Amino acid sequence: MPDQPGAPLVLGIETSCDETGVALVRGGELLVDAVASSMDEHARFGGIIPEVASRAHLEAMIPTIERALGTAGVGLSEVDAIAVTAGPGLVGPLTIGASAAKALALGLGKPLYGVNHVIGHAAVDALVDGPFPERFMALVVSGGHSSLLLVDDIATKVTELGSTLDDAAGEAFDKVGRLLGLPYPGGPHIDRLAREGNPDAIRFPRGLTAAKDQEKHAYDFSFSGLKTAVARWVETKRDAGEEIPLPDVAASFAAAVADVLTAKTIAACHRHGVDTLVVGGGFSANSQLRDMAAERCAAEGITLRIPPIRYCTDNGAMIAALGSAVVAAGVAPSDLDIGVDSSMPLTTVTV
Ligand code: KG4
Ligand code: ZN
């Protein structure tokens, strides 16, 4: 993305889950992206403990801000606006980030923008792949979200076409990982196993793809039935004293998830006459999704944009990128007394 020397310098702060992210963006250029993660402290619990994450954010916040400013060689006084994740996410962690952002905005006398985390996962792609086309589709998939968004303007007009009715894609991988006896988070382990297995070995169900689901849930996802099907299949084999062919189970399960995500997304692109797809969120690291999306988008004439994985997991760059877009669009700043919203609607870009 070209440097825009005169554009405002936006500091982005992300704390919706276990990553403390701080980044600086000017126009479409990323100056620095500093991240501290508390994942290691959660791994032994098999899931994110909000209280542990909150405390880690509190401890990491000032050092991460200082590291970001130091790396970019920028003084706090040069910052023109502060963007912060206002939701969705975990209330405690969100509150730590919002408090830090409000203190900075108040202290520096600069505007505050409370922005949407999920939309940030799409916004970050502009830092890597350049300005967005007029209209595009965004599939945001992670441990916490699986959402299909029609984006007319990343700063002002986002429509949620569908989302998961139960588990997020990464969450389903983590749950299946647990039942297969893999370490937490199971997603990357299943991915690795799946690469050695046969995706056609077992025909697992494709949630919400039946004709009866098309009226209400054409673009929604459901992975809990699939997870149960895998559990039943494994249980039956175990009861029969048979060995579980882990690579085949992983490959067949991963194929079912990638199939549903890509088929519904491409159908939505056709339905809305959109020829660009942005995929974001930590689950977009998944090889089976990447391969299937690349293959199907190429066959359908859809341009696929997936940022490098470090910008797909939670980070400050996504929030600074969305903040920069919001500032450029002339959106009014947020009030300093905004609250955080754990279930912030996906149509709200800025609070
Ligand atoms: O975006 P992220 O870092 O955190 C959330 O906001 O949730 O996403 C992490 C999720 C976890 O569920 C993890 O298991 C999954 O993404 N994940 C993967 C892969 N890498 C991460 N799932 C499948 N295949 C992968 N390669
Ligand atoms: Zn996320």
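Q: What makes α6 and α7 part of the shell around ligand 1?
A: α6 (169-179) and α7 (187-194) each supply at least two residues of that shell, and α6 gives the most, with four residues. Both are called helices because they are DSSP runs of H or I of at least four residues, numbered from the N terminus (strands are E runs of at least two). This is a predicted model, in which local features need pLDDT of at least 70, side-chain atom pairs count only at pLDDT 80 or more, and totals for chains, interfaces and linings use all residues. Residues are numbered from 1 along each chain as its sequence is written, chains are lettered from A and ligands numbered from 1 in the order in which they are written, and side-chain values use heavy atoms, with hydrogens and water left out.

Q: How many residues surround ligand 1, and which are the closest?
A: There are 18 of them, and the closest are Gly143, Asp174, Asp191, Gly282 and Asn286. A residue is near a molecule or strand if one of its heavy atoms lies within 4 Å of it.

Q: What is the make-up of the shell around ligand 1 in nonpolar, polar and charged residues?
A: The shell holds five nonpolar, nine polar and four charged residues. Gly counts as polar; Asp, Glu, Lys and Arg are charged; Ala, Val, Leu, Ile, Met, Phe, Trp, Tyr, Cys and Pro are nonpolar, and the others are polar.

Q: Which pocket does ligand 1 take up?
A: The space taken by ligand 1 is the largest pocket. A molecule sits in a cavity or pocket if more than half of its atoms lie within 2 Å of its grid points. On a 1 Å grid over the protein atoms alone, a pocket is an open set with protein on both sides within 12 Å along at least five of seven lines, whereas in a cavity a 1.4 Å probe fits but cannot get out; lining residues have an atom within 4 Å of a point.

Q: Which residues does UniProt place in the "binding site" feature that includes Gly187?
A: The unreviewed entry gives Val140, Val141, Ser142, Gly143, Gly144, Asp174, Gly187, Asp191 and Asn286. From this set, the lining of the largest pocket takes in Ser142, Gly143, Gly144, Asp174, Gly187, Asp191 and Asn286. Gly187 is found in α7. UniProt positions follow the numbering used here, feature names are shortened, and annotations may be inferred rather than shown by experiment.

Q: What shows that His117, His121 and Asp314 cluster in space?
A: The unreviewed UniProt entry annotates these three as "binding site". They are spread over 198 residues of sequence, yet the largest C-alpha distance is 8.7 Å. His117 and Asp314 belong to the lining of the largest pocket.
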